[in-house]
Amino acid sequence: MADHMIPATLIEGDGIGPEITASVVEILAKIGAPFEWDHQSGGLGAIEKFGAPLPQPTLDSIRKTGLALKGPLTTPVGAGFKSVNVTMRQEFGLYANLRPTRTVVPGGRFDKVDLVVVRENIEGLYAAMEHYLPDGDDPKGLAYGAGFNSRRECARIVRFAFDYAVANGRKKVTLVHKANILKIFSGIFLEEGRKVAKEYEGKVAVEERIVDACAMQLVTDPWQYDVIVTTNLFGDILSDLTAGLVGGLGMAPGANIGPNAAIFEAVHGSAPDIAGKGVANPLAMLMAASMMLAHVGRQDLSTRVDNAIDRVIRVEGVRTRDLGGETGTAELTKALLAAL
Ligand code: NAD
């Protein structure tokens with residue numbers, strides 16, 4: 001029972017955001033999820049009102065609640081706005097990006113995939129320290145890029161992955177690196193990862209994989225993987241690859257987690273091409289809400305949501321267009337409510 005309410009920030013977002021958020025909020029209300037929503041704006045609407053896609057009142061709300069469910073935000077191209085994701089990571093030190101991947105639609109080439117990618121979110125090559133250098137006569141003939149990985153952060157992200165494995169009954173963590181070539185830049189991650197892994201000996205198995213081999217194996221044999229932990233750029237690429245294994249963006253939830261805040265969202269964008277048509281798939285955002293329930297200790301409710309998704313998609317075969325079906329957002333929501 002939801003006798004203890006937890007304040008949480010809710011940003012419905014742009015495009016299909018309001019449609020899928022309405023669906024998710026209705027489902028959460030039905031199961032008595034213990035969230036007390038603080039509605040805040042973000043994206044295009046916020047730009048019109050506050051001049052920024054992630055305005056101060058929204059940031060203040062997240063700082064206060066430490067917990068947010070966020071719909072997709074449209075980022076205007078070339079208008080000079082700083083990326084919403086970068087702003088959030090910096091503001092709240094969201095060092096861990098968590099992307100679970102699970103096959104929901106059965107019978108495809110990648111049936112029964114169930115793995116998690118943990119990506120380091122604030123270091124690596126995404127520090128974007130880059131500039132041009134001259135090459136012969138061309139003053140911009142050469143591009144130089146650099147990044148950094150700290151021992152502290154490498155240890156912290158690997159520990160996050162192992163703790164996640166323990167808390168979620170996962171059996172193995174794979175350290176994904178490129179230390180054979182980048183002996184220092186990627187080597188430091190592997191060194192720290194090995195040290196942290198020792199603390200979990202006997203509880204969670206550890207394995208190491210070079211990132212290119214990992215990418216190939218994720219396509220030839222994704223079932224061998226359980227929890228993958230890796231640095232920023234590798235994690236960015238591999239987590240999109242794994243989303244592709246299980247039906248694409250409409251089925252991919254994600255969480256950005258730091259010591260003082262956690263923000264849950266669907267990985268997809270605002271899908272302006274289908275906005276307002278009532279055909280958007282709300283499942284990625286619902287799965288993000290399920291992760292949020294587990295995060296606040298309500299694994300019971302999280303499991304209920306996951307089971308309802310499985311029932312509706314697997315057993316009843318109710319599917320939105322992106323999954324090859326014909327069901328609209330409202331009908332799918334109705335089916336989920338009934339399954340609960
Ligand atoms: P997108 O993810 O919005 O859409 C890509 C394709 O996937 C489209 O054909 C869309 O119809 C489809 N799709 C996406 N989500 C779906 C869903 N839930 N159900 C059914 N189909 C779905 O990517 P885009 O078109 O490149 O980006 C549109 C806007 O979203 C841009 O402004 C971009 O900056 C923004 N964006 C925001 C986030 C975020 O807030 N986390 C992430 C990615 C993109």
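Biologist: Which residues of helix H4 (residues 84–92) are called buried?

Modeller: The buried residues of H4 are Val-84, Met-88 and Phe-92. A residue is buried if 20 or more other C-beta atoms lie within 10 Å of its own, exposed if 12 or fewer, and partly exposed in between, with C-beta atoms placed from the backbone. This is a predicted model, in which local features need pLDDT of at least 70, side-chain atom pairs count only at pLDDT 80 or more, and totals for chains, interfaces and linings use all residues. Residues are numbered from 1 along each chain as its sequence is written.

Biologist: Why are the buried residues of H4 said to line one face of the helix?

Modeller: Seen down the axis of H4, they fall within an arc of 35 degrees, so they line one face. The arc is that of the directions from the helix axis to the C-beta atoms.

Biologist: Against what do the buried residues of H4 pack?

Modeller: They pack against H3, strand E11 (253–257) and E12. Two residues are in contact if their C-beta atoms, placed from the backbone, lie within 7 Å. Helices (H or I, at least four residues) and strands (E, at least two) are DSSP runs, numbered from the N terminus.

Biologist: What makes E4 a mostly covered strand?

Modeller: In E4, 7 of its 7 residues are buried. Ala-96, Leu-98, Pro-100 and Arg-102 point one way, whereas Asn-97, Arg-99 and Thr-101 point the other way. In a regular strand the side chains alternate between the two faces of the sheet.

Biologist: How do you know that strand E4 (residues 96–102) pairs with strand E5 (residues 114–120)?

Modeller: Two strands pair if DSSP finds at least two bridges between them. E4 and E5 are joined by 7 bridges and run antiparallel, and Thr-101 stands opposite Leu-115 in E5. E4 is also joined to E11 by 3 bridges, again antiparallel, with Leu-98 opposite Ala-255 in E11.

Biologist: What is the order of the strands in the open sheet?

Modeller: The 10 strands follow the order E2-E1-E3-E12-E11-E4-E5-E10-E8-E9, with mixed pairing.

Biologist: Why do strand E2 (35–40) and strand E9 (205–210) stand at the edges?

Modeller: Each has a single partner strand, so one side of each is left without a neighbour in the sheet.
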